[in-house]
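Trainee: Can we go through this model together? I'd like to start with pockets.

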Amino acid sequence: MAEIQDTDTDIDTETGADASAPISTDVGIDVVVFDVLGTMVDEPGGLRTEIRDAVPGSDDALVEELLAIWQQHSEREQQRITEGHRAYAGTETIDREAARRVADRAGITDPATVARLATAGRRLPPWDDSVAGLAQLAGHFPVVGLSNAARTALLQLNAYAGLRWHQALSAEAVSAYKPAPEVYRLALDTAGCPPERVLMVAAHAWDLRGAQALGMRTAYVRRPVGDPPTDSDTFDWRFDGLHELVSALTAK
């Protein structure tokens with residue numbers, strides 16, 4: 001599919017990638033930007049694990065109920081912020097609120113347990129293809145993580161999951177949440193090239209629509225969780241996993 005011209009390369013000792021690898025291909029992409037939560041890490045699965053640890057002996061039904069409490073609070077508060085009904089608060093603040101709600105429902109009274117649960121977003125497992133796929137792609141393109149997670153949470157999450165970006169950007173830098181346009185502009189400003197040369201990769205159609213509205217190229221990657229495209233969505237690519245995306249962008 002896309003062909004990348006071979007050149008003499010140096011090895012980036014931090015990422016293990018070819019530091020001088022070509023970054024322009026006949027697919028017309030110079031920089032690849034990834035969503036993180038849900039796309040590169042299993043957010044619901046990680047939260048389930050943390051909830052089980054906080055509530056020993058809980059059955060599947062209770063865990064799912066508590067997970068729903070967490071997710072609904074997070075989604076509602078981010079939406080309120082986006083609509084201007086609440087001043088900006090980062091994910092660490094919202095996660096503390098969600099953890100408190102979960103603790104109240106589960107009858108957790110130990111402050112240390114609640115405090116650890118509040119940092120669950122820092123300990124989310126990567127999908128099976130995330131680490132290897134990201135490393136592969138980093139040998140051909142600058143790779144950027146773009147997440148709604150707050151700066152510190154994103155730093156800790158990337159370390160925990162083994163995600164090695166050339167740069168990781170938090171929406172906290174612009175006091176907004178995707179799909180607000182200023183978050184994608186943050187990525188475009190960092191990329192330093194026209195939006196049509198920047199590819200946004202996500203497992204959430206709503207995220208790709210936000211990027212598409214600013215002229216970015218788009219690639220949907222299917223995950224067990226996420227927001228699949230509708231028939232009316234016109235994304236540039238759709239893949240069943242990260243390895244398919246890597247193959248398409250780096251094919252000789």
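Mentor: Terms first: on a 1 Å grid over the protein atoms alone, a pocket is an open set of points with protein on both sides within 12 Å along at least five of seven lines, and lining residues have an atom within 4 Å of a point. Grid points are joined across faces, edges and corners, and a volume is the space filled by probe spheres set on the points. This is a predicted model, where local features need pLDDT of at least 70 and side-chain atom pairs count only at pLDDT 80 or more, while totals for chains, interfaces and linings use all residues. Residues are numbered from 1 along each chain as its sequence is written, and side-chain values use heavy atoms, with hydrogens and water left out.

Trainee: How much space lies in the largest pocket?

Mentor: About 800 Å³. The lining has 28 residues, and Leu37, Glu43, Glu75, Gln78 and Trp206 lie nearest the centre.

Trainee: Which element gives the most to that lining?

Mentor: H2, with 7 residues. Helices (H or I, at least four residues) and strands (E, at least two) are DSSP runs, numbered from the N terminus. Helix H1 (43–54), H2 and H3 are the elements that give two or more residues to the lining.

Trainee: How do the lining residues divide?

Mentor: Into 11 nonpolar, 11 polar and 6 charged. Here Ala, Val, Leu, Ile, Met, Phe, Trp, Tyr, Cys and Pro count as nonpolar, Asp, Glu, Lys and Arg as charged, and the others, Gly among them, as polar.

Trainee: Change of topic. How many aromatic pairs does the structure hold?

Mentor: It holds 2. Rings of Phe, Tyr and Trp (its six-membered ring) pair if their centres lie within 6.5 Å; planes under 30 degrees apart are stacked, over 60 edge-to-face, and the rest tilted. Phenylalanine 34 and tryptophan 165 have ring centres 5.7 Å apart and planes at 50°, so that pair is tilted.

Trainee: Where do those two sit in the chain?

Mentor: Phenylalanine 34 is in strand E1 (residues 31–34), and tryptophan 165 is in the loop between helix H6 (151–161) and strand E3 (167–170), 131 residues apart. Both residues are buried, that is, under 20% relative accessible area, with exposed being over 50% and partly exposed in between (1.4 Å probe, protein chains only).

Trainee: And what about tyrosine 88 and tyrosine 177?

Mentor: Their pair is also tilted, at 5.4 Å centre to centre with 35° between the planes. Tyrosine 88 is partly exposed at 25% relative accessible area, whereas tyrosine 177 is buried at 1%.

Technical notes. On a 1 Å grid over the protein atoms alone, a cavity is a set of points where a 1.4 Å probe fits but cannot get out, and a pocket is an open set with protein on both sides within 12 Å along at least five of seven lines; lining residues have an atom within 4 Å of a point.
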